[in-house]
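Please keep the sequence and the structure in view while reading.

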Amino acid sequence: MEKLKKGLVPRLFIAFAVSAFVALGSAGAVFAGTVETAVAAAPVQATAASAAEERDQIFMLVALAVVNKDWQTTNGAGSRGYNIGSVLVDANNNVLWWARNCVNCNSNGTQHGEVRLMTQYQQATRNFSLKGYTIYTSLEPCAMCGGMMCMQSVARTVFAQKDPDFGDGIQRLALDSTKLGPPPAGYSPYPRTLPSVPSTLAFYGAINDAYTQWRNAGNTGLTKFLATPIAQKLYAAATNQLMTYQVQFPENQQVYVNALTFYRKIPTCPTGKICCDVPQTSPKKVKAKAQEIPATSSK
Ligand SMILES: [Zn+2]
């Protein structure tokens, strides 16, 4: 009971703050509420300092909308997987591929969104490496996904939520601890690494704050949080922002239109179905459709 009481105030706060965030929707206005409403304090449509930053924001909104398009209300059995997804963008600002976490429907813990993004795209295009590509992912990459990005020469990755537990995988690879002595005391940085940067979208602060509040209320588990109505509202707001986006830098207008077109072509999962391996075709270079991984059962 005490736990419930302790959790009530933060939950009400989050509910209000998220409502304010969502209510602002596409207004693009700066929320002028009380100091307490930190979650909603940032502008809904962040002001980009440069055309490159605005493109980062647009592509991240696509990644968030990809997750929202097949929102899972549970993170456990009977779900596709976790509410995490990503998109792959080439050096010419083309969104080439999307993927979502599918650990549950594949009964395979390696099926993170970023792993699927890289392996499916490369299988479809027969590309040996992803040199020069950027990956926009809704949650900070783990060591497995970050390591794979390094090995595939991905140029850069941008994430929309910090993972306090499994995050910083790429930074840990880049860590130089040689001053502690020779191995096993210390190690030189991994030979290859890449920048891993947080999104400048207002979503970043909003979802991190909401997750902190949720944990402070006595809850645990990031993927469990990502199946809550609180998280869903933030993802729905981000999707709305993508759909109604007002481009700041004219040179990004076509980039936005192309990104939106890419997103709209992603099929909607029928209600009650689990959409595990959705075939997709890249707008360029792809001759064969992505290989579907047939579901196997040991039963
Ligand atoms: Zn991962």
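The axes of helix α6 (residues 202-216) and helix α8 come within 10 Å and cross at roughly 175°, where an axis is a line fitted to C-alpha atoms, for helices over the stretch in contact, and angles run from 0 to 180 degrees between N-to-C directions. The two helices α6 and α8 are therefore roughly antiparallel to each other (angles under 35 degrees count as roughly parallel, over 145 as roughly antiparallel, 65 to 115 as roughly perpendicular and the rest as oblique). This is a predicted model, in which local features need pLDDT of at least 70 and side-chain atom pairs count only at pLDDT 80 or more, whereas totals for chains, interfaces and linings use all residues. Residues are numbered from 1 along each chain as its sequence is written.

**Overall architecture**

- The secondary structure of the chain comes to 9 helices and 5 strands, these being DSSP runs numbered from the N terminus (helices H or I with at least four residues, strands E with at least two).
- Read from the N terminus, the order of the elements is α-α-β-β-α-β-α-β-α-β-α-α-α-α.
- Of the 299 residues in the chain, 39% are buried; a residue is buried if 20 or more other C-beta atoms lie within 10 Å of its own, exposed if 12 or fewer, and partly exposed in between, with C-beta atoms placed from the backbone.
- Among contacts in the chain with a separation of 6 or more, 63% are between residues 24 or more positions apart, a contact being a pair of residues whose C-beta atoms, placed from the backbone, lie within 7 Å.

**Helices α6 and α8**

- On the α6 side, Phe-203, Ala-206, Ile-207, Ala-210 and Trp-214 meet Ile-230, Ala-231, Leu-234 and Ala-238 of α8.
- By class, this contact of α6 with α8 has 9 nonpolar, no polar and no charged residues (Ala, Val, Leu, Ile, Met, Phe, Trp, Tyr, Cys and Pro count as nonpolar, Asp, Glu, Lys and Arg as charged, and the others, Gly among them, as polar).
- The buried residues of α8 include Ile-230, Ala-231, Leu-234 and Ala-238.
- The 15 residues of α8 (residues 229-243) should span 21 Å at 1.5 Å a residue, and its end C-alpha atoms are 21 Å apart, which agrees; the expected span is 1.5 Å times one less than the number of residues.
- Tyr-204 is also found in helix α6, and with 19 C-beta neighbours inside 10 Å it counts as partly exposed.
- Leaving aside neighbours within four places in sequence, Tyr-204 is in contact with Ala-160, Gln-161, Pro-198 and Ser-199.

- The axes of helix α2 (residues 51-68) and helix α9 (residues 253-265) come within 10 Å and cross at roughly 10°, which makes α2 roughly parallel to α9.
- Their contact is made by Arg-55, Ile-58, Phe-59, Val-62, Ala-65 and Val-66 of α2 and by Val-255, Tyr-256, Ala-259, Phe-262 and Tyr-263 of α9, and these residues divide into 10 nonpolar, no polar and 1 charged.
- Because 15 of its 18 residues are buried, α2 is largely enclosed by the rest of the structure.
- Apart from neighbours within four places in sequence, Phe-59 is in contact with Val-87, Val-89, Val-95, Tyr-136 and Ala-259.

**Backbone exceptions**

- Most residues other than glycine have a negative phi, and most peptide bonds are trans.
- A cis peptide bond, with omega about 10°, joins Pro-183 and Pro-184, and Pro-184 has its place in the loop between α5 (169-174) and β5 (196-198).
- Asn-93, although not a glycine, has a positive phi of about 65°; Asn-93 is found in the loop between β1 (85-89) and β2 (95-100) and is partly exposed, with 18 other C-beta atoms within 10 Å.
- Arg-126, likewise not a glycine, has a positive phi of about 60°; Arg-126 lies in the loop between α3 (113-125) and β3 (134-137) and is exposed, with 10 other C-beta atoms within 10 Å.

Technical notes: Contact = placed C-beta atoms within 7 Å.
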